[in-house]
Amino acid sequence: MSNTSTHIRVYVPRDASALSLGAEQTANAIAAEAIRLGADIQIVRNGARGLFWLEPMVEVETPEGRVAYGPVQASDIANLFAADFLHGGKHDLRLGLTEEIPYLKRQQRLTFARVGITDPVSVEDYVAHGGFRGLAAALKTSSADIVKQVTDSGLRGRGGAAFPAGIKWKTVFSAPAEQKYIVCNADEGDSGTYADRMIMEGDPLVLIEGMIIAGIAVGATQGYIYLRSEYPHAFRALNEAILAAKNAGYLGTGICGSEHDFELEVRLGAGAYICGEETSLLESLEGIRGQVRFKPPLPALKGLFGKPTVVNNVITLASVPIILDRGADFYRDFGMGRSRGTLPFQLAGNLKHAGLVECAFGLTLREILYDFGGGSATGKPIRAVQVGGPLGAYMPESQFDTPLDYEALAAVGAMLGHGGIVAFDDSVDMAQQARYAMEFCAIESCGKCTPCRIGSIRGVEVIDRIIAAQEHAKNVALLRDLCDTLLAGSLCALGGMVPFPVTSALNHFAEDFEPRALRAAS
Amino acid sequence: MARPAIPIQLRNEPENNLPPDQSAAVADVLHRLKGVPGALLPILHGVQEALGYVPPDAVHLIALALNISRAEVHGVISFYHHFRSKPVARHVLYLCRAEACQSMGAVALEAHAKKILGIDFHESTADGAITLEPVYCLGNCACSPAVMLDQELHGRMTVEKFDSLIQATRQTA
Ligand SMILES: Cc1cc2nc3c(=O)[nH]c(=O)nc-3n(C[C@H](O)[C@H](O)[C@H](O)COP(=O)(O)O)c2cc1C
Ligand code: SF4
Ligand code: FES
């Protein structure tokens, strides 16, 4: 190996999903083999590119660009060195130039522009790839103008409810108070979603930058990231990044030499799905049981500790820097109808090519499932797809041509939510899926409303009777009735939307609820 | 005439029944965190991280430090699935029960796990090696089914991978 002073950069993700497939062992094996051979390399632990069927994906920097190999297990390393992968050598696992991989190339990565490319906790790397340019622009602008730009961009909350971010910010901006807060909702409780996690592990500085800009915009000097406790890797990455940002003068008093102050702290949740609901989250941050609050007052006016508070999802906040950097028009030009910009779709479950796809709103579900997802992992037909987390509807094949935007999904009785897409093959039993939805609601109910707390338990029992072929028609009617009660009598969307997975299963997959004997005979 | 003094009945504070090492750990956490805004969750995390659970005997110490009632502390511990009032085994295995994992065989994996470990959720194996807990998504939904052993995530679990993970875990301290 040549003895040049510039070492070859090798990238091995520190993303939790990559680690779950052996990335740590892969990185260790590369380090050990490099020492054995005297190869001069530098291993960078990047975020994941989001092509999870190829993880652990290793990249090498070459004069032509970054070359990817994957999936690379520790046992492949000696072989890869022998094939001179450090110079992009040929090998069965070689995937070519990373940027040319079709799955990536077809995407429009705005929020995820740096994820997988940079060292997530290096401020230097972040700045070298366009980081903190949004903040620089914000520091030259008035608060009111920052709020206006966010409004004009058309950015809507990515946590599920899709409320316009600019309007929320304006409310907090206009509320007089000596103390205001920016709270990042990093509870990411929806099953089938992991975009927040990938940002927090792969480019935490973009979230930090977004929160600083939000603070400047509304006049808040303290930020909290409420992170679910199931994400220990994100917890570490966020804390490393916060420390790095602080040391570089981006957090604390007088950020970047301006008159603005901003402090940031990560707080851990404790395994309660309901704490993703914003008022419950605020209760939890205050150190009490996470029970949903009545609205009004809005959190924007009386939020954390009774003060005006911006509560935004990770992706919402992480999309702010590019809007400030490139302008509201740039962002708004992506998307369709009232869904502007891009959404990181998260392809999950039974898909051959599960991964993160950031694209403008408007792709159809079928394009996502087949063009990107490559069909089911098991090779069987995809029978049902749950979009938008555990409270999202199950969509049958007849709805696969629905474009993925907020309004188009609502029109077919579904919802986009946080952008999770979970595919099931034809072995799925939809009566069981409906039962699980009710069970989940029973486990996670905050207990405030009777229909949600008790009704969900009754829901499980009714579905059990349907499955056991007891008085079918009567119990199906009872189940629908119960769903109506939940829909009408719940304070928040946990009880209020659990009818979506249940009734969509009933409506589109009625055969799974029919008495077993009948089904077997037909 | 002087009236006889009426003895004042002091509120009966329960004594500190924690073993000295646990007591010291709780005191340390309280000392570090009782001043932060919304201190109770950080404190409970601190105690559980130090001791593996929140001993019922720690509840009144926490309540005293925060000047809230024991019922409030207890209410918070019981509200959140993450906090435990019973000691755990050497390792905690979280098994994802949510939809993406279901689509890739989590239901069968759960049945297998309970069978070979001989326990249900929230229980520990007789050898004190593993506590089994359900979890509702680990954010590893592109690599389902997923489990987390202590803080280490594992993806695309199969029965075979699960068995060797258990075997390796049983051998570690
Ligand atoms: C039951 C329930 C769970 C929720 N979970 C989350 C969550 O995990 N993450 C999130 O960002 N928003 C979640 N939300 C939405 C929040 O209440 C809120 O709308 C969001 O944090 C606002 O931020 P945004 O406007 O940036 O989306 C949840 C809502 C409900 C009703
Ligand atoms: S619907 Fe359920 S989770 Fe929501 S406030 Fe009511 S009881 Fe709580
Ligand atoms: S559903 Fe199991 S990891 Fe997300």
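This is a predicted model: local features need pLDDT of at least 70, side-chain atom pairs count only at pLDDT 80 or more; totals for chains, interfaces and linings use all residues.
The size of an interface is often expressed as the accessible area lost when the parts come together. The contact draws on 60 residues from chain A and 37 residues from chain B. On the side of chain B, Phe79(B), Glu99(B) and Tyr136(B) together supply 18% of the area that this chain buries against chain A, more than any other three residues.

One salt bridge is counted between the two chains. This salt bridge joins the side chains of Arg97(B) and Glu439(A), with a nitrogen-to-oxygen distance of 3.0 Å.

Chain B itself is divided into two parts, with domain 1 covering residues 1–86 and domain 2 covering residues 91–172. The centres of domain 1 and domain 2 of chain B, taken over C-alpha atoms, are separated by 33 Å.

Attention then turns to the surroundings of ligand 2. The space that ligand 2 takes is the largest cavity. Ligand 2 is surrounded by 13 residues, of which the closest are Cys446(A), Lys448(A), Cys449(A), Cys452(A) and Cys492(A). Sorted by class, the shell around ligand 2 contains eight nonpolar residues, four polar residues and one charged residue.

Conventions. Residues are numbered from 1 along each chain as its sequence is written. Chains are lettered from A and ligands numbered from 1 in the order in which they are written. Side-chain values use heavy atoms; hydrogens and water are left out. Domain bounds come from an automatic or database domain assignment. A residue is near a molecule or strand if one of its heavy atoms lies within 4 Å of it. On a 1 Å grid over the protein atoms alone, a cavity is a set of points where a 1.4 Å probe fits but cannot get out, and a pocket is an open set with protein on both sides within 12 Å along at least five of seven lines; lining residues have an atom within 4 Å of a point. A molecule sits in a cavity or pocket if more than half of its atoms lie within 2 Å of its grid points. Ala, Val, Leu, Ile, Met, Phe, Trp, Tyr, Cys and Pro count as nonpolar, Asp, Glu, Lys and Arg as charged, and the others, Gly among them, as polar. Contact means heavy atoms within 4.5 Å. Buried area is the accessible area (1.4 Å probe) that two parts lose on being put together, summed over both. A salt bridge is a side-chain nitrogen of Lys or Arg within 4 Å of a carboxyl oxygen of Asp or Glu.
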